[in-house]
Amino acid sequence: MSSTTFERTQRVAVLGGGPGGYEAALAAAQLGAEVTLVERVGVGGSAVLTDVVPSKSLIATADAAVAISEASDLGVNFYAKGENGKPLKPEIAINLAAVNKRLIALAGQQSEDMRATLLDAGVRILSGHGRLEGPNAIVVSTGERGTDFDRVEADTIVVAVGASPRELDSAKPDGKRILTWTQLYDMKSLPEHLIVVGSGVTGAEFASAYMNLGAKVTLVSSRDQVLPGEDKDAASVLEKVFKRGGMQVLSKSRADKVEVTKDGVTVTLSDGRTVDGSHCLMAVGSIPNTAGIGLEEAGVELDDSGHVRVNKVARTSVPNVYAVGDCTNFFPLASVASMQGRTAVFHALGDIVIPLELIKITSNIFTAPEIATVGYGVKDVEDGVADGMVYKLPLAANPRAKMMGIKDGFVKLIARKGSGTVIGGVIVAPKASELIYPIAVAVERRLTVDQVSRVFAAYPSLSSSITDASRAMHLVNIS
């Protein structure tokens, strides 16, 4: 007589379909779990629909405008024939309505592609607002009026609800003149004068993009440099590029309030000065979407800012509840959210998992030029956190950079003293987001500068700057 033992399929419920929730759902389905994804606005979440995808598409458009405007430096000139056959140099015209229409369409298509991938993998998708009902269930309000409810029971819950733009009572966004970064895409024409409040990553990226699209831009920064907390040399290069492009950068200037006027906006600074413009973008951080979704009632611990506290495998204070992405206290990047999502599911379902380490995360700021970083920074060396040596190679010394007319930027390598192990890097360059990858591999695999220097780089190429920097550090290492 034989008996058959049936093992119940693990049930995974994911609350939020942004990059972290999407990857969590996909990974769980690949591991054979019964997966339900609950999403309110659409698969991809705000990252795809109103944040990362449209903003980086806008920046790509701005980069194209810069390439055209700077083509004359390479001997390429654009002319239209005027009267009597005399050439007239045409102006670059930006059709912002068409640009924004394209951005939103791209975002929508990306969302649909992600949805199709999940459905093909067998994921059940529920559209509606979800909240935890204890640590083992999510209740979803569905239907046009949100009066219908579905209850999803789960062995593992992954919370991936993201974050929203922070709003100030003294500068309340109206979607017309005072805007958050999610509201920019409704504009039909280029703002005559855009005032950007906040010089962090979001503020710097949009200030750079709109300047390059041809708008007058004023950047209000409460710190003594743009991108506070980033590499000082990188921030210095970017600020120089901003000022050269005509941007007004108001350092050590805190905005007290923003008011809508008859023809635009007035920003009042803490020292009493005022700045008048046509529009104001508020880029003063974000807040996690964790309020009112049953987390605390389920026993999930939050910090004072409302972020979910997680460990290196994205586990919360409740063993079967995980949290990923911008709603957590880990690191607010779409790429990190994606990795957290997979890590959380791997851990919950018993697959091989490698805990995430902050020091190995690669980040990029999509200004022009871009700024990419990984590992320890110069400040870590200066503060004694890392026992390292630093080498900086100006990008203008690179032959490919000369050919492309690139004047600004550098490659900076940070290696451990004695061993020469690569522990960090900074790149300021066009497409730095692509160039940082070999340094990220070196940090992850603990390669030395000598090992990096022996890798063949194509000649001429911008990536050969990494080879040149690592070769130069060999001399430093043995001296």
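Asp73 is located in the loop that runs between H3 and strand E3 (80-81). The structure described here is a predicted model. With a relative accessible area of 54%, Asp73 counts as exposed, because the threshold for that class is over 50%. In space, the C-alpha of Asp73 lies 7.1 Å from the C-alpha of Gly405, although 332 residues separate Asp73 and Gly405 in sequence.

Helix H3, which spans residues 52-69, also takes part in the lining of the second largest pocket. This pocket holds about 910 Å³ of space. Its lining is made up of 27 residues, and those closest to the pocket centre are Val66, Glu70, Ala368, Ile406 and Pro430. At least two lining residues are supplied by each of four helices, namely H3, H5 (201-213), H6 (232-244) and H9 (399-404). H3 gives the largest share of the lining, with three residues. When the lining of the second largest pocket is sorted by class, 13 residues are nonpolar, nine are charged and five are polar.

Contacts that involve aromatic rings were examined as well. A pair of aromatic rings is described by the distance of the centres and the angle of the planes. The search of the whole structure returned zero aromatic pairs. A contact between a charge and a ring was found at Phe410, where the charged end of Lys392 sits over the ring. The distance from this charged end of Lys392 to the centre of the Phe410 ring is 4.8 Å.

Conventions:
Residues are numbered from 1 along each chain as its sequence is written. This is a predicted model: local features need pLDDT of at least 70, side-chain atom pairs count only at pLDDT 80 or more; totals for chains, interfaces and linings use all residues. Side-chain values use heavy atoms; hydrogens and water are left out. On a 1 Å grid over the protein atoms alone, a cavity is a set of points where a 1.4 Å probe fits but cannot get out, and a pocket is an open set with protein on both sides within 12 Å along at least five of seven lines; lining residues have an atom within 4 Å of a point. Grid points are joined across faces, edges and corners, and a volume is the space filled by probe spheres set on the points. Ala, Val, Leu, Ile, Met, Phe, Trp, Tyr, Cys and Pro count as nonpolar, Asp, Glu, Lys and Arg as charged, and the others, Gly among them, as polar. Rings of Phe, Tyr and Trp (its six-membered ring) pair if their centres lie within 6.5 Å; planes under 30 degrees apart count as stacked, over 60 as edge-to-face and the rest as tilted. A charge sits over a ring if NZ of Lys or CZ of Arg is within 6 Å of the ring centre and within 35 degrees of the ring normal. Buried means under 20% relative accessible area, exposed over 50%, partly exposed in between (1.4 Å probe, protein chains only).
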